[in-house]
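Here is a friendly walk through one protein model. Have a look at the structure first, and then we'll go through it piece by piece.

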Amino acid sequence: MIKSICILIFCLVFIIPTIVSNAFIKLNYENYKYEIEKLNKEKTEVIIRKIIQCESEGKEDVWGDKNYIYPAYGITQIQNRTFLWLSDISGKKNLKWKNPKHQIELLKWALLNGQGDLWTCFRVLSKKGEL
């Protein structure tokens, strides 16, 4: 009898609150999932704008790194070989290097998939705590 009471108390004190707490957290996440995703999307777009401003000042037809064997081009200042590599690993193989919308699309994919450090401005802005 005492053993049964101890088990019941243990369940009431430790197990049931954990189950209820986990269920509450899941339920809470489901209630705010849209808002969380919206905030993440907005933050990514702010980061994209900051990188573009830093890399090209928003100019679409700018060449950079001209003194290197692989110059960078466009609104995101991406090298052709990096663009092709990212388009391949992202599965977005129909994108064109000199298309600004395609560059932005790949930059967004790269940021969401841990490849942001391919951009000098991402590294610099991150180090400064501006992203």
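Let's start with cysteine 54, which touches Cys121 and Leu125, leaving out residues up to four places away in sequence; touching, or being in contact, means heavy atoms within 4.5 Å. Keep in mind that this is a predicted model, where local features need pLDDT of at least 70 and side-chain atom pairs count only at pLDDT 80 or more, while totals for chains, interfaces and linings use all residues. Residues are numbered from 1 along each chain as its sequence is written, and side-chain values use heavy atoms, with hydrogens and water left out.

Cysteine 54 sits in helix H1. Helices (H or I, at least four residues) and strands (E, at least two) are DSSP runs, numbered from the N terminus. With a relative accessibility of 38%, cysteine 54 counts as partly exposed; buried means under 20% relative accessible area, exposed over 50%, and partly exposed in between (1.4 Å probe, protein chains only). From cysteine 54 to isoleucine 75 it's 21 residues in sequence and 9.8 Å in space, C-alpha to C-alpha.

Now for the overall layout. The protein has four helices and three strands, and along the sequence they run α-β-β-β-α-α-α. Of its 131 residues, 27% are buried. Among contacts with a separation of 6 or more, 42% are between residues 24 or more positions apart.

Glutamate 55 is also worth a stop, and helix H1 is where you'll find it.

Next up is the largest nonpolar core, with 17 residues; Ile51, Ile78, Phe83, Leu86, Leu107, Leu111 and Trp119 have the most contacts inside it. Such a core is a set of buried Ala, Val, Leu, Ile, Met, Phe, Trp, Tyr and Cys residues joined through side-chain atoms within 4.5 Å.

| Helix | Residues |
|---|---|
| H1 | 2-56 |
| H2 | 80-90 |
| H3 | 100-112 |

H3 supplies the largest share, five residues. As for isoleucine 78, its contacts outside four places in sequence include Phe83, Leu86, Trp97 and Trp119.

In H2, the buried residues are Thr82, Phe83, Leu86, Ser87 and Ser90. They line one face of the helix, because they fall within an arc of 130° seen down its axis (the arc is that of the directions from the helix axis to the C-beta atoms). Strand E3 (78-79) and H3 are among what covers them. After H2 comes glycine 91, with a positive phi near 80°.

Last, the aromatics: the whole structure has three aromatic pairs. Tryptophan 63 and tryptophan 97 have ring centres 5.7 Å apart and planes at 75°, so they pair edge-to-face. Rings of Phe, Tyr and Trp (its six-membered ring) pair if their centres lie within 6.5 Å; planes under 30 degrees apart count as stacked, over 60 as edge-to-face and the rest as tilted. Trp63, Tyr73 and Trp97 form one aromatic cluster.
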